[in-house]
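Here are my notes on the model you sent.

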Amino acid sequence: MGQPKRILVLFAHPRVKGSIVQTAMLEAIASLEQVTVHDLYGAYPDFMIDASREQDLLLQHDIIVFQHPFYWYSTPAILKEWQDLVLENGWAYGKGGTKLNGKYLMNAISVLLAGAGTPSSRGPATDAPGYG
């Protein structure tokens with residue numbers, strides 16, 4: 001049997017304390033030995049992402065998981081910024097961009113559907129804490 005895969009979870013949620021789904025996902029993986037959880041909002045509260053450091057982190061792992069809520073058909077702002085800076089042309093794609101060859105990229109997202117799972121006494125889903 002080969003070496004266990006090293007998993008990097010790039011976690012991006014601006015208000016995780018109010019998210020039942022994302023908190024449960026984090027708790028489920030927190031003690032797994034082969035998993036590294038990297039909280040982007042925690043690491044870069046000023047959004048000044050160190051692309052070189054992040055690229056090194058990617059190279060140390062076999063599986064990369066983007067864990068985030070699904071906001072307006074997109075990712076939270078810090079993850080979009082991270083993707084733009086870290087997954088650059090010539091490194092992750094384009095001519096010579098082979099650094100991620102053989103790695104697996106995945107999304108672990110939570111989706112808030114208007115009214116779905118929201119008690120009517122709390123009002124619209126967008127106002128209800130704990131969802132998303």
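1. First, a term. A residue is called buried under 20% relative accessible area, exposed over 50%, and partly exposed in between. Asp84 has a relative accessible area of 44%, so it is partly exposed. The other calls below follow the same cut-offs.

2. Confidence. This is a predicted model. The protein chain averages a pLDDT of 85, and 83% of the residues score at least 70. Among the elements, helix H3 (residues 51–59) has the highest mean pLDDT, 98. Helix H1 (residues 20–29) has the lowest, 85.

3. Layout. The chain holds 4 helices and 4 strands. Along the sequence they run β-α-β-α-α-β-α-β. Take the contacts between residues at least 6 apart in sequence: 70% of them join residues at least 24 apart.

4. The chain has 132 residues, and 36% of them are buried.

5. The largest nonpolar core. In soluble globular proteins, nonpolar side chains tend to be buried together. Here the largest nonpolar core has 17 residues. Which of them touch the most other members? They are Leu10, Leu40, Leu58, Ile78 and Trp82. Strand S1 (7–11), helix H2 (40–43), H3, S3 and H4 each supply at least two residues of this core. H4 gives the most, with 4 residues. Apart from this core lies another, of 7 residues, including Ile7, Ile29, Ile63 and Val65.

6. Leu40 up close. Leave out residues up to four places away in sequence. Leu40 then touches Leu10, Phe11, Ala12, Glu54, Ile78, Leu79 and Trp82. Glu54 stands out on that list for its charge pairing, taken up in point 8.

7. Side chains of opposite charge can pair when their charged atoms come close. The structure holds 3 salt bridges. In one of them, Asp62 pairs with Arg6, and the closest N and O atoms are 3.1 Å apart. This pair links distant parts of the chain, 56 residues apart. Asp62 sits in the loop between H3 and S3, while Arg6 is in the segment before S1. Arg6 has a relative accessible area of 39%, so it is partly exposed.

8. Salt bridges, Arg53 with Glu54. The closest N and O atoms of this pair are 3.5 Å apart. Glu54 is buried, with a relative accessible area of 1%. Glu54 is also one of the residues that Leu40 touches.

9. Salt bridges, Asp84 with Lys80. Here the closest N and O atoms are 2.7 Å apart. Both residues lie in helix H4. They are 4 residues apart, about one turn of the helix. Lys80 is partly exposed at 41% relative accessible area, and Asp84 is partly exposed at 44%.

10. A nonpolar surface patch. Phe70, Tyr73, Ile109 and Val111 form a nonpolar patch on the surface. Together they have about 430 Å² of accessible area. Phe70 lies in the loop between strand S3 (63–69) and helix H4 (77–86). Its relative accessible area is 33%, so Phe70 is partly exposed.

11. The loop between H4 and strand S4 (104–110). Gly90 is found here. At 31% relative accessibility, Gly90 counts as partly exposed. Leaving aside neighbours within four places in sequence, Gly90 is in contact with Lys95, Gly96 and Gly97.

12. Lys99 also lies in the loop between H4 and S4. Lys99 is partly exposed, because its relative accessibility is 41%. Not counting residues up to four places away in sequence, Lys99 touches Leu59 and Trp91. The C-alpha atoms of Lys99 and Gln55 are separated by 8.9 Å. Along the chain, Lys99 and Gln55 are 44 residues apart.

Note on methods. Residues are numbered from 1 along each chain as its sequence is written. This is a predicted model: local features need pLDDT of at least 70, side-chain atom pairs count only at pLDDT 80 or more; totals for chains, interfaces and linings use all residues. Side-chain values use heavy atoms; hydrogens and water are left out. Patches are made of residues with over 30% relative accessible area and no salt bridge: like charges are joined within 9 Å, nonpolar side chains (Val, Leu, Ile, Met, Phe, Trp, Tyr) within 5 Å. Accessible areas come from the Shrake-Rupley method with a 1.4 Å probe; for residues, only the protein chains shown count as cover. A salt bridge is a side-chain nitrogen of Lys or Arg within 4 Å of a carboxyl oxygen of Asp or Glu. Buried means under 20% relative accessible area, exposed over 50%, partly exposed in between (1.4 Å probe, protein chains only). Contact means heavy atoms within 4.5 Å. pLDDT is the predictor's confidence in each residue, from 0 to 100. A nonpolar core is a set of buried Ala, Val, Leu, Ile, Met, Phe, Trp, Tyr and Cys residues joined through side-chain atoms within 4.5 Å.
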